[in-house]
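Here is a short tour of one protein model, written for someone who likes to keep the structure open while reading. Take a look at it first, and then we can walk through it together.

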Amino acid sequence: MLYLLATPLNPEIDSLILLTLDFTYRERYGAALQIADEIIRKYPNEPDGYFFKAAIYDYYMEDYHNDIYTNKFFENMRKAEEKAKAKLLETKDKRERAWMYFYIAGAAGYRAMRAGRNGNYVVALKYAIEGLKPLKKALEEDSTLYDIYFPLGIYHYALSKSPSRIGIIPTFFLSRNREEDKRKGIKYLKLAWQKGHYTSTVSALTLAWVLSQEGRSKEAIPILKGYVENYPESRYFKWVYGLLLVKEGRFKEAEDVYEKLLYLVLRDQPDSPYNAVYVSYSLGYVKYFLGKFEEALHFFNLAEEYYEKAPGNVKRELKHVISMVKKMKERTKRRMDEKWR
């Protein structure tokens, strides 16, 4: 019965959100946006449609590695926050209030993530701190709203990794115990994955990535394996899953993942040279460690070809990757020379 306390109030909105999320994870963004618009049309004074529409734009921009929907993202998050704050003034129902605080905290968390991805760490820190109060209030209103543990887990893990200062701003006052924050971050992400209503899948993705950063990829692989199988056309899941397999030295399995990923990238993202370069390099990397040197060299050459076609701003982002491509290419040539001596 605990789960019933934390389920959303409107069954129709709930079913539409779950459908929206499923289309998003299948990377069918047009269908996902249409359903979000349907929620907004039917329930213009509820925050749900605006919030998840913004989340779709964020997911798309991460998938395609661009920022073309930034304005639409911020506009929809602003509306979601406005609607949630208005609802708080109207209702005393604890469950409804908890969900409204979830949307307010979620809006701040998404803004923090976008700022952090763009290197604006001071702004990201501002939004993260801004979102902490509504996170706590949501749990005070309803401790069984397990979705709230997703942004709370991100917050604590980010604190454990925060530098001692950002520019001239010291950050030591935010976290007195980084190991405790790390422990809490992982614990809360696990809770959101296991019990979250809307955030279970994204929590699994985030948890798997966090565990990979902590040298715990072996633990993360079974968490993500089912999602890779359930969303076979998804690129996003394969990116993280391939990374986990490589870190565990499971190169044969990683080869299969990256071959499928390269096919999906070249088929569905012809205008995304960043992804083409990165996955070509990754596939060449696993081919090298499988002793398939001719194939590895082919994919390193392919990575360089896509790099040359990339615009200047993308080339700057790929500077580190293309440096690794060149190093691996030289290693591969040396091994091929040794093979034929």
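Helices here are DSSP runs of at least four residues, numbered from the N terminus. Gly291 is partly exposed, as its relative accessible area is 34%. In sequence Gly291 and Arg335 are 44 residues apart, while in space their C-alpha atoms are 9.0 Å apart.

**How confident is the model?**

Please keep in mind that this is a predicted model. Its chain has a mean pLDDT of 91, with 93% of the residues at 70 or more. Residues 1–6 have a pLDDT below 50, and this stretch makes 13 contacts in the model beyond near neighbours in sequence.

Helix H3 covers residues 29–42. Which residues of H3 are buried? They are Tyr29, Ala32, Leu33, Ile35, Ala36, Ile39 and Ile40. These residues lie on the same side of H3, because they cover an arc of only 160 degrees around the axis. On the face turned away from that buried side, H3 carries the exposed residues Gln34 and Arg41. As for partners, the buried residues of H3 pack against helix H2 (11–25), helix H4 (48–64), helix H5 (70–90) and helix H12 (235–247).

**Helix H4**

One of those partners, H4, is worth a visit of its own. H4 has 17 residues and reaches 24 Å from its first C-alpha to its last, close to the 24 Å expected at 1.5 Å a residue. Of these 17 residues, 16 are buried, so H4 is largely enclosed by the rest of the structure. Just after H4 comes His65, which takes a positive phi of about 55 degrees.

**Aromatic rings**

The structure holds 34 aromatic pairs. A pair of rings is described by the distance of the centres and the angle of the planes.

| Pair | Centre to centre | Angle between planes | Kind |
|---|---|---|---|
| Phe52 and Tyr103 | 6.3 Å | 90 degrees | edge-to-face |
| Trp99 and Tyr103 | 6.4 Å | 40 degrees | tilted |

The pair of Phe52 and Tyr103 links distant parts of the chain: Phe52 belongs to helix H4 and Tyr103 to helix H6 (residues 94–117), 51 residues apart. Trp99 and Tyr103, in contrast, are separated by about one helical turn, because they are 4 residues apart in helix H6. Are Phe52 and Tyr103 buried or exposed? Both are buried. For Tyr103 the relative accessible area is 1%. Trp99 counts as buried too, because its relative accessibility is 4% and the cut-off is under 20%.

Elsewhere, Tyr25, Tyr29, Tyr57, Tyr59, Tyr60, Tyr64, Tyr69, Tyr227, Tyr231, Tyr236 and Phe237 form one aromatic cluster. Tyr29 in this cluster is also one of the buried residues of H3.

**Charges over rings**

Where does Arg114 lie? Arg114 lies over the face of Phe73, at 5.6 Å from the ring centre. Lys315 lies over the face of Tyr307, with 5.6 Å to the ring centre.

Technical notes:
Residues numbered from 1 in each chain as written. Predicted model: local features only at pLDDT ≥ 70, side-chain atom pairs only at ≥ 80, totals over all residues. Heavy atoms only, no water. pLDDT = per-residue confidence, 0-100. Contact = heavy atoms within 4.5 Å. Helix = DSSP H or I, 4+ residues; strand = E, 2+ residues; numbered from the N terminus. Expected span 1.5 Å × (residues − 1). Buried < 20%, exposed > 50% of the residue type's maximum accessible area, 1.4 Å probe, protein only. Arc of directions from axis to C-beta. Phe/Tyr/Trp six-rings, centres within 6.5 Å; stacked < 30°, edge-to-face > 60°. Lys NZ or Arg CZ within 6 Å of the ring centre and 35° of its normal.
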